[in-house]
Amino acid sequence: MKSFAAMQNKFYYGRKVYYYHLRHEERRSFSLAVYPNLSIVVKAPEMTDNEKIDAFLVRKWVWLEARLCEFKKYKKADYVRRYLPGESVSYLGRQYILDLVPSRMDSVKIDGRRIRISSTKSANSSAHNETIFNAWLDVRRSAVFKQHLIKTWEEFGYKTLPQIRIREMRKRWGSCSKDGKVITLNARLIEAPAEAIRYVCAHELAHIKHRDHNADFYRLMESHLSADWRRIKEDLEVRFG
C-alpha cells in the first residue's frame, strides 16, 4: 500500500500562503487542526463555500501561526530527535511529551499525555534514552501490529495466518508478498491511531485474494472496514504521510 499526500487547498493571508486539507462533514461549526508534520486540516459543514472558509481561517490566523511556529522547531532539516525532556513523540495517534526521571532500573511508561523514561543514567544521556525508548517501542509495535493483524485476519476467514514483518518504509504503509504468506507493515504505523493500523492490515489482507486495486479488491476490503475508511486513509496520509 503506497503512501500519497492528499490534495491541498490554498489560503492567502497578507504575503503568506497556507496549504490546508479540507473535509466537508455533517456538522454545524468549523474545526481547525495543525499536526506536528505541519499539515493543516479544516473541517467544515457540508456545502460551505470558500469565502466562509477563508473568513474562518482569518479569524483563526493568530492561533494557526502559533501552532505552526510551535511545531516548526521540530521540522528543521537538521533536526534529529535527541530523546531529551520536553521533546514530542507520536504514539497510536496521540502526541506525548517525553519525561526523563532517574531510576535504579531502565523502563518506559505512559503517564497521561507524557511518556516517562526512567533511566539509570543522566537525563541528558541522549543515546541511552534513545536505546530505552526504542526497545520499549519495538515491544509495543510488535504486540500492537500482531493484535490488529490477527483480529483482521480472523474476520477475513483465511486458513493460514501470514507472517508479519516490520520495517521502515519510505513510500508504503504496508505490502503483501505475491504468495500471500508475508505481510510487511511500516514501523512508523505505531505513530498512527489503531483504526489506521487496522485499515492497512485490511488493505494488505485483501491483496491475498486480489493483487490489483480493482472493484473486487475494494468490495472485499470495504466489507471488513467501517464506512468511513476513506476518512481514516486521508488522516493517515495527512498526519503521518
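Which backbone oxygen does the side chain of Thr152 reach, and at what distance? In this predicted model, in which local features need pLDDT of at least 70, side-chain atom pairs count only at pLDDT 80 or more, and totals for chains, interfaces and linings use all residues, the side chain of Thr152 reaches the backbone oxygen of His148 at 2.7 Å. Residues are numbered from 1 along each chain as its sequence is written, and side-chain values use heavy atoms, with hydrogens and water left out. A polar contact is a pair of N or O atoms within 3.5 Å; within protein, one must be able to donate a hydrogen and the other to accept it, and residues adjacent in sequence count only if both atoms are side-chain atoms.

Confidence is expressed as pLDDT, the predictor's confidence in each residue, from 0 to 100. The protein has an average pLDDT of 89, and 93% of the residues score at least 70. The lowest confidence is found in α6, at a mean of 83, and the highest in β11, at 97. Helices (H or I, at least four residues) and strands (E, at least two) are DSSP runs, numbered from the N terminus.

Thr152 belongs to helix α3. With a relative accessibility of 1%, Thr152 counts as buried; the term means under 20% relative accessible area, whereas exposed means over 50% and partly exposed in between (1.4 Å probe, protein chains only). When neighbours within four places in sequence are left aside, Thr152 is in contact (heavy atoms within 4.5 Å) with Arg198, Cys201, Ala202 and Leu205. Under the same exclusion of sequence neighbours within four places, Leu225 is in contact with Arg198, Tyr199 and Ala202. Leu225 is placed in the loop between α5 and α6 and is buried, at a relative accessible area of 14%.

In soluble globular proteins, nonpolar side chains tend to be buried together. A nonpolar core is a set of buried Ala, Val, Leu, Ile, Met, Phe, Trp, Tyr and Cys residues joined through side-chain atoms within 4.5 Å. The largest such core holds 42 residues, of which Ile115, Phe133, Leu189 and Leu236 touch the most other members. At least two residues of this core come from each of several elements, including β8 (114-119), α3 (126-156) and α6 (229-240). The greatest contribution is that of α3, with nine residues. A second, separate core contains 15 residues, among them Phe11, Tyr20, Leu32 and Phe71.

Aromatic rings were also examined. Rings of Phe, Tyr and Trp (its six-membered ring) pair if their centres lie within 6.5 Å; planes under 30 degrees apart count as stacked, over 60 as edge-to-face and the rest as tilted. By this rule there are 12 aromatic pairs. One of them joins Phe11 and Tyr18, which are tilted, at 5.8 Å centre to centre and 35 degrees between the planes. Phe11 and Tyr18 are both buried. The ring centres of Phe133 and Trp136 are 5.8 Å apart and their planes lie at 40 degrees, so this pair is tilted. Both residues lie in helix α3, three residues apart, about one turn of the helix.

Arg113 lies over the face of Tyr96, at 5.9 Å from the ring centre, and Lys60 lies over the face of Trp63, at 5.2 Å from the ring centre.

Note on methods. A charge sits over a ring if NZ of Lys or CZ of Arg is within 6 Å of the ring centre and within 35 degrees of the ring normal.
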